[in-house]
Amino acid sequence: MTLKKQKLVYLAAASHSGSTMTAMLLGAHPDLCSVGELKAANLGHRDSYLCSCKTLVGECGFWQGVTDKMSAKGHDFCISDAGTDIRVGASPYVLRLLKPLVRSPLVELIRDILLNLSPVWREQLPYLQKRNADYARSIAEQAKVDTVVDSSKIGIRLKYLLKNPNLDVKVIWVVRDGRGVSLAYKNPSEFADAKNPKLRGGGAGKTQEHGRGIEVGAHEWVRCNQETEAVLATMPKEKWIQVHYEDICNNTEQTLDNIFEFIGVDPIKKRLDFKTVEHHVVGNGMRLDDSEVIKLDDRWKTQLSDTELAKFYEIAGPYHKKMGYLE
């Protein structure tokens with residue numbers, strides 16, 4: 001019997017663009033399930049990493065159920081080592097080819113030709129495609145929903161998910177003011193992790209790296225959004241939508257209604273008390289915060305110096321304006 005394609009909603013974004021909050025708002029809808037980033041890379045050990053239900057992932061009933069369903073499909077699975085990243089099992093040659101961001105169709109054709117010269121890639125890609133589809137299907141079965149949300153963000157993963165014959169993918173492109181993103185890159189533990197220091201780093205209390213200049217965030221913001229544009233250019237327009245983080249915060253209900261209509265679920269069932277709903281999200285530490293207040297984070301206005309803002313505009317100014325933001 002041929003299975004129906006598993007429905008998947010992919011959140012594409014630069015890091016620190018509000019994808020965790022967006023994913024949890026979507027996951028609060030009774031017809032959707034979001035568990036965070038399905039690529040699930042570098043989560044930490046199952047005996048120290050917390051699910052958003054505040055239970056260790058190794059003891060969480062939801063994840064035990066997903067593990068059992070993956071086992072029934074023939075996969076040895078553990079959420080702390082999910083094995084769903086496109087780079088799993090890659091040779092150094094393949095890793096070098098997967099490292100550059102997605103670009104024009106011609107560049108991507110050259111990349112695919114070079115990748116297909118590798119016997120490791122030719123064997124690994126079908127395996128990874130099946131594992132990713134079975135993973136999304138197992139989550140849907142455990143949550144008893146039709147559609148799963150993947151907030152993995154990166155364009156190279158999206159490129160191959162779109163080629164997965166067992167997935168029906170829609171994309172939400174989440175864009176945030178690049179100045180806010182750059183501030184979070186500068187100090188992620190303070191501006192992009194749990195408010196409680198003990199819950200940072202997935203509950204291990206470990207602080208993320210510091211010391212990156214504002215120019216790092218500016219470059220990454222531009223590059224990641226340009227990568228998303230390159231992937232979306234290969235898709236029918238009815239299969240993707242652009243949403244601004246600021247609209248999610250300032251005009252929450254209408255923005256969510258638009259998103260749910262795009263996905264194909266009833267907007268009336270939306271839940272603004274999204275932290276009240278039980279979630280089983282892995283990834284960004286903000287998922288562990290108890291507050292469900294949806295508030296625009298524009299701390300860049302007071303935290304970035306004039307010199308830092310000048311650096312940001314030098315790097316990202318034209319693209320920032322293209323995305324609808326003013327200096």
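What you see is a predicted model, where local features need pLDDT of at least 70 and side-chain atom pairs count only at pLDDT 80 or more, while totals for chains, interfaces and linings use all residues. Residues are numbered from 1 along each chain as its sequence is written, and side-chain values use heavy atoms, with hydrogens and water left out.

Now look at strand 3 (residues 147-153). Two strands count as paired if DSSP finds at least two bridges between them. Lys 7 has Thr 147 as its bridge partner, and Cys 33 has Val 148. Seven of the seven residues of strand 3 are buried (under 20% relative accessible area, against over 50% for exposed and in between for partly exposed, with a 1.4 Å probe and protein chains only), so this strand is largely enclosed by the rest of the structure. In a regular strand, side chains alternate between the two faces of the sheet. Here Thr 147, Val 149, Ser 151 and Lys 153 point one way, and Val 148, Asp 150 and Ser 152 the other.

Next come the charges. The structure holds 21 salt bridges, each being a side-chain nitrogen of Lys or Arg within 4 Å of a carboxyl oxygen of Asp or Glu. Arg 111 and Glu 108 form one of them, at 2.9 Å from N to O. They're three residues apart in helix 4, which means about one helical turn separates them. Arg 111 is buried at 6% relative accessibility, and Glu 108 is buried at 7%. Another salt bridge joins Lys 270 and Asp 257. Lys 270 lies in the loop between helix 11 (252-263) and helix 12 (300-303), and Asp 257 in helix 11, so the pair ties together parts 13 residues apart in sequence.

Finally, back to helix 4 (residues 105-115), where Leu 109 lies. Leu 109 is partly exposed at 48%.

Technical notes: Helices (H or I, at least four residues) and strands (E, at least two) are DSSP runs, numbered from the N terminus.
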